[in-house]
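Reader: I am new to this structure and would like to learn how to read it. Could you walk me through it, one feature at a time?

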Amino acid sequence: MEKTTVAFAFRQKGLKILDHLLQVIYPRICPGCHIQAVHTNQSFCMDCYGELPFTDHFTSAENEVSRHFYGRANVSNAGALLYFRQNSIVQEVIHEIKYKRNQDAAYTLGLIAGQKIKESAIYSNVEVMIPVPLHPSREYRRGYNQSAVFGMGIREIAGIHQVDRALRKLKATDTQTRKDRFGRIQNMSDTIILSDHAEVFGRHVLLLDDVITTGATLEACIQSLSQGQPASISVLTIAVTI
């Protein structure tokens, strides 16, 4: 098991003494600058945290993410925690989360989002969170679902119920990175199903993802969630490309 996964598991169980020992053996380096070590219970150095480009999407319902879904999918609210630009600190952090098994960074961003949700009228009546699924083979290779870990941080602060396996991805689709919106929609067609209707029925569902670009993956998830007859569906991502 990767050292970051071990450290994360210990921290989640509240084993503070072992966490301090792990910090001595495996000091955590800031995922933004890759230079400065960070203190226990933190994932970013102060300099990088100060550079994170937070959005105003928790107070403004009209935003870059909500506009993605106009005429495409029926959502109550949609937003992101951070703005994503190429060659930026957010790109570095997302790369760490998705490809370097940095669960701490995803969890910490979830804690921040959870506090913003607690203070937000827009997301005040969310009843259940559901992360965008990974195909089991990809989740096995990555070691975890980054959207689910992001949700764990939100749950810690906002206390919102989370169901990790309500949506299932049936087919390991090709990577979405180099596809346009039409290609992404074709790639996602009939690959995501709702496997737990009871957790969705009559509830305000918050769908979680890492980065929204064209929104095709989220649209496929929204279509599947709609089959469970939720009261409403909202969307929250770690970042949105601008």
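Predicted model: local features only at pLDDT ≥ 70, side-chain atom pairs only at ≥ 80, totals over all residues.

Author: Gladly! Let us start with the elements: helices (H or I, at least four residues) and strands (E, at least two) are DSSP runs, numbered from the N terminus. Residues are numbered from 1 along each chain as its sequence is written, and side-chain values use heavy atoms, with hydrogens and water left out.

Reader: Is Thr55 buried or exposed?

Author: Buried means under 20% relative accessible area, exposed over 50%, and partly exposed in between (1.4 Å probe, protein chains only). Thr55 has a relative accessibility of 9%, so it counts as buried.

Reader: Which residues is Thr55 in contact with?

Author: A contact means heavy atoms within 4.5 Å. Leaving aside neighbours within four places in sequence, Thr55 is in contact with Ala80, Leu81, Leu82 and Tyr83. There is also a polar contact to look at, that is, a pair of N or O atoms within 3.5 Å; within protein, one must be able to donate a hydrogen and the other to accept it, and residues adjacent in sequence count only if both atoms are side-chain atoms. Here the side chain of Thr55 reaches the backbone oxygen of Ala80 at 2.5 Å. Val240 is 185 residues from Thr55 in sequence, yet their C-alpha atoms are 9.3 Å apart in space.

Reader: How do I read the sheet, and what is the order of its strands?

Author: Strands of a sheet pair through backbone hydrogen bonds, either parallel or antiparallel. Two strands count as paired if DSSP finds at least two bridges between them. In this model, an open sheet of five strands has the order 1-7-6-2-3, with parallel pairing. Strand 1 (78-84) and strand 3 stand at the edges with a single partner strand each, so one side of each has no neighbour in the sheet.

Reader: Which bridges can I trace?

Author: Begin with strand 7 (232-241). Strand 1 pairs with strand 7 over six parallel bridges, and Tyr83 has Val240 as its bridge partner there. Strand 6 pairs with strand 7 over eight parallel bridges, and the partner of Ile212 is again Val240. Nine of the 10 residues of strand 7 are buried, so this strand is largely enclosed by the rest of the structure. Further along, four bridges join strand 2 (residues 128-131) to strand 6 in parallel, with Met129 partnered by Leu206.

Reader: What lies across the strands?

Author: For angles, axes are lines fitted to C-alpha atoms, for helices over the stretch in contact, and the values run from 0 to 180 degrees between N-to-C directions. Helix 5 lies across strand 1, strand 6 and strand 7, running at about 110° to strand 1. Helix 10 (residues 216-226) packs on the sheet too, touching strand 2, strand 6 and strand 7, and its direction makes about 165° with that of strand 6.

Reader: How many salt bridges are there?

Author: Side chains of opposite charge can pair when their charged atoms come close. The rule used here asks for a side-chain nitrogen of Lys or Arg within 4 Å of a carboxyl oxygen of Asp or Glu. By this rule there are five salt bridges. One of them joins Lys98 and Asp210 (3.6 Å, N to O). Lys98 lies in helix 5 (residues 89-99) and Asp210 in strand 6 (residues 204-212), so this pair ties together parts that are 112 residues apart in sequence. Asp210 is buried, with a relative accessible area of 5%. Glu62 and Arg67 form another, with the closest N and O atoms 2.7 Å apart; Glu62 is partly exposed at 44%, and Arg67 is partly exposed at 40%.

Reader: Where is Gln162, and what does its side chain meet?

Author: Gln162 sits in strand 3 (residues 161-162) and is buried, with a relative accessible area of 8%. A polar contact of 2.5 Å joins its side chain to that of Asp164. Leaving aside neighbours within four places in sequence, the residues in contact with Gln162 include Met129, Pro131, Ala148 and Leu208.
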